[in-house]
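Hi everyone, thanks for making time this morning. I'd like to walk you through a structure, starting at its surface, so please have a look at the screen.

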Amino acid sequence: MKKEHGFTILVIIVIWQFLSMTVNNDILIPFPIEVLKNFIDLFTKNVFYSSIIATIYRVLLGFLISFGIALILAIIANRYKLFRNCFEPIQILAKSIPNISYIIIVLVWLGSEKSVSVICFLILFPIFYNNFLFAMDEEPQELKDVEKIYPESFLELTRVKTIPLLLPTILSTSKMAFGLGFKVSVMAEILGQVQVGIGRQLYIARQNLDTTNLFAWTIVIILLCFIIDWVFDQFINRKKHGG
């Protein structure tokens, strides 16, 4: 963490402390020290770990399915113009539907427990597909000319050229998509009132007007998103330095 980051966090905490002292109502703005105590206390509870595991599992399932299907379809669309043109209306429709519409519709169709991963898939798929297709469209003309001179099978061409070409886009898009999928999935868990998950804990805190616990779980979400970004950054940096 850079020194500037630490300074910004310190300023936020000072402002938070000032507001909590001014309001003096822990239902509206709890004191930072109380939130910290509550946050530390979460690590002693089994529900803390089961909630995180359940949410990450749902996010990971939706993420991997959307990634795999988007990659396959984008490669096919780049190779075959007819397929690309036929699939384009679905692509436009998928990226135009508001996230909240996905959440509500899927919850109505599937119920709470099965819907979170499906919602994550529907929201992340257009992001993966569009970014993969754009990256392949930007392929240098020299590579396309070489491909015409030395034709390879579709599968061999995908393995030796397309996947390596897409790797930087795969890493950068995955970093952004996983963070988005995590936050959207938590929202879906809240609206769907799942039995186990981070969204469930936020819903309970809201029902009980337990703002201190609500803030503590929000810090958990922020830290998890930070860890996810850090992991992807390691892969991206390793790729940049030829690792």
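The areas come from the Shrake-Rupley method with a 1.4 Å probe, and for residues only the protein chains shown count as cover.

Which helices supply at least two residues each of this patch? They are helix H5, residues 99-110, and helix H8, residues 154-192. H5 gives the most, with six residues.

Before I go on, a word on what you are looking at. This is a predicted model, where local features need pLDDT of at least 70 and side-chain atom pairs count only at pLDDT 80 or more, while totals for chains, interfaces and linings use all residues. Residues are numbered from 1 along each chain as its sequence is written, and side-chain values use heavy atoms, with hydrogens and water left out.

How confident is the predictor? The score is pLDDT, the predictor's confidence in each residue, from 0 to 100. The mean pLDDT of the protein is 87, and 92% of its residues reach 70 or more. Confidence is highest in helix H2, residues 32-42, at a mean of 94, and lowest in helix H7, residues 141-149, at 63. Where pLDDT is low, the predicted coordinates should not be read in detail.

Now the overall picture. The protein has 10 helices and zero strands. The C-alpha atoms fill a box of roughly 75 × 45 × 30 Å along the principal axes. Of the 243 residues, 37% are buried. The accessible surface comes to about 14600 Å², and 68% of that belongs to carbon and sulfur atoms. Among contacts between residues at least 6 apart in sequence, 74% join residues at least 24 apart; a contact means heavy atoms within 4.5 Å.

On to charges. How many salt bridges does a search of the whole structure find? Five, where a salt bridge is a side-chain nitrogen of Lys or Arg within 4 Å of a carboxyl oxygen of Asp or Glu. Let me pick out some of them.

Glu 34 and Lys 37 meet through their side chains at 3.9 Å, N to O. They are three residues apart in helix H2, so about one helical turn separates them. Glu 34 is partly exposed, at 37%. Another pair is Lys 45 with Asp 41, with the closest N and O atoms 3.4 Å apart. Lys 45 is partly exposed at 36%, and Asp 41 is partly exposed at 35%.

Then there is Asp 137 with Arg 84, where the closest N and O atoms are 2.6 Å apart. This pair links distant parts of the chain, 53 residues apart: Asp 137 is in helix H6, residues 112-137, and Arg 84 is in helix H4, residues 81-96. Asp 137 is partly exposed at 32%, as is Arg 84 at 25%.

What about disulfides? With a disulfide taken as a pair of cysteine sulfur atoms within 2.5 Å, the count comes to zero. Cys 120 is buried, at 1% relative accessibility, whereas Cys 86 is exposed at 54%.

Last, two backbone details. Gln 193 has a positive phi of about 55 degrees although it is not a glycine. Gln 193 sits in the loop between H8 and helix H9, residues 198-207, and is partly exposed at 37%. Leu 209, also not a glycine, has a positive phi of about 55 degrees. Leu 209 is in the loop between H9 and helix H10, residues 211-240, and is exposed at 54%.

How values were computed
Helices (H or I, at least four residues) and strands (E, at least two) are DSSP runs, numbered from the N terminus. Buried means under 20% relative accessible area, exposed over 50%, partly exposed in between (1.4 Å probe, protein chains only).
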